[in-house]
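Here's a quick tour for anyone meeting this structure for the first time. Have a look at it, then read on.

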Amino acid sequence: MGRKLDSLPQAEREKIEADLLALSVIYNERYGMAANNAATDAEEQVPDYLRPYFHLRLNYYRTA
């Protein structure tokens, strides 16, 4: 039995992964578990074309 995300196109899955990565960075920042450069380390994992989206999501979660 496949997951619903498996049926999505690769670009959509990468976008979801970038969003989840941004959320995990903010979660760690809020609860004091983050290293000083957690956002930059996470940014390296995001494909180049999704970095603006990653930054938008970071800003969104920081202000939420």
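Tyr 61 is buried, at a relative accessible area of 14% (buried means under 20%, exposed over 50%, and partly exposed in between, using a 1.4 Å probe and protein chains only). Keep in mind that this is a predicted model, where local features need pLDDT of at least 70, side-chain atom pairs count only at pLDDT 80 or more, and totals for chains, interfaces and linings use all residues. Residues are numbered from 1 along each chain as its sequence is written, and side-chain values use heavy atoms, with hydrogens and water left out.

**Aromatic pairs**

- Searching the whole structure turns up two aromatic pairs (ring centres of Phe, Tyr or Trp, the last by its six-membered ring, lie within 6.5 Å; planes under 30 degrees apart are stacked, over 60 edge-to-face, and the rest tilted).
- Tyr 27 and Tyr 31 form a tilted pair, because their ring centres sit 4.8 Å apart with the planes at 45°.
- Tyr 61 teams up with Tyr 60: their ring centres are 5.3 Å apart and the planes are at 65°, so this pair is edge-to-face.
- Tyr 60 is partly exposed at 45% relative accessibility, Tyr 27 is partly exposed too, with 47%, and Tyr 31 counts as exposed at 58%.

**The nonpolar core**

- Tyr 61 also belongs to the largest nonpolar core, which has twelve residues in all, including Leu 21, Val 25, Val 46, Phe 54 and Leu 58 (such a core is a set of buried Ala, Val, Leu, Ile, Met, Phe, Trp, Tyr and Cys residues joined through side-chain atoms within 4.5 Å).
- The biggest giver is α1, with five residues.
- Leaving out residues up to four places away in sequence, Phe 54 touches Ala 18, Leu 21, Ala 22, Ala 39, Ala 42, Glu 43 and Val 46 (contact means heavy atoms within 4.5 Å).

**Helix α1, inside and out**

- With 21 residues, α1 reaches 30 Å from its first C-alpha to its last, close to the expected 30 Å (that expected span is 1.5 Å times one less than the number of residues).
- Which residues of α1 are buried? They are Ala 18, Asp 19, Leu 21, Ala 22, Val 25 and Ile 26.
- Looking down the axis of α1, these buried residues fall within an arc of 160°, so they line one face of the helix (the arc is taken from the directions from the helix axis to the C-beta atoms).
- Those buried residues pack against α2 and α3.
- Turned away from the buried side is a face of α1 that carries the exposed residues Glu 17, Leu 20 and Arg 30.
- Just after α1 comes Gly 32, which takes a positive phi of about 70°.

- Asp 19, in helix α1, is buried at a relative accessible area of 18%.
- The side chains of Asp 19 and Arg 57 are joined by a polar contact of 3.0 Å (a pair of N or O atoms within 3.5 Å; within protein, one must be able to donate a hydrogen and the other to accept it, and residues adjacent in sequence count only if both atoms are side-chain atoms).
- Setting aside neighbours within four places in sequence, Asp 19 is in contact with Tyr 53, Arg 57 and Tyr 61.
- Ser 24 also lies in helix α1 and is partly exposed, with a relative accessible area of 32%.

Conventions. Helix = DSSP H or I, 4+ residues; strand = E, 2+ residues; numbered from the N terminus.
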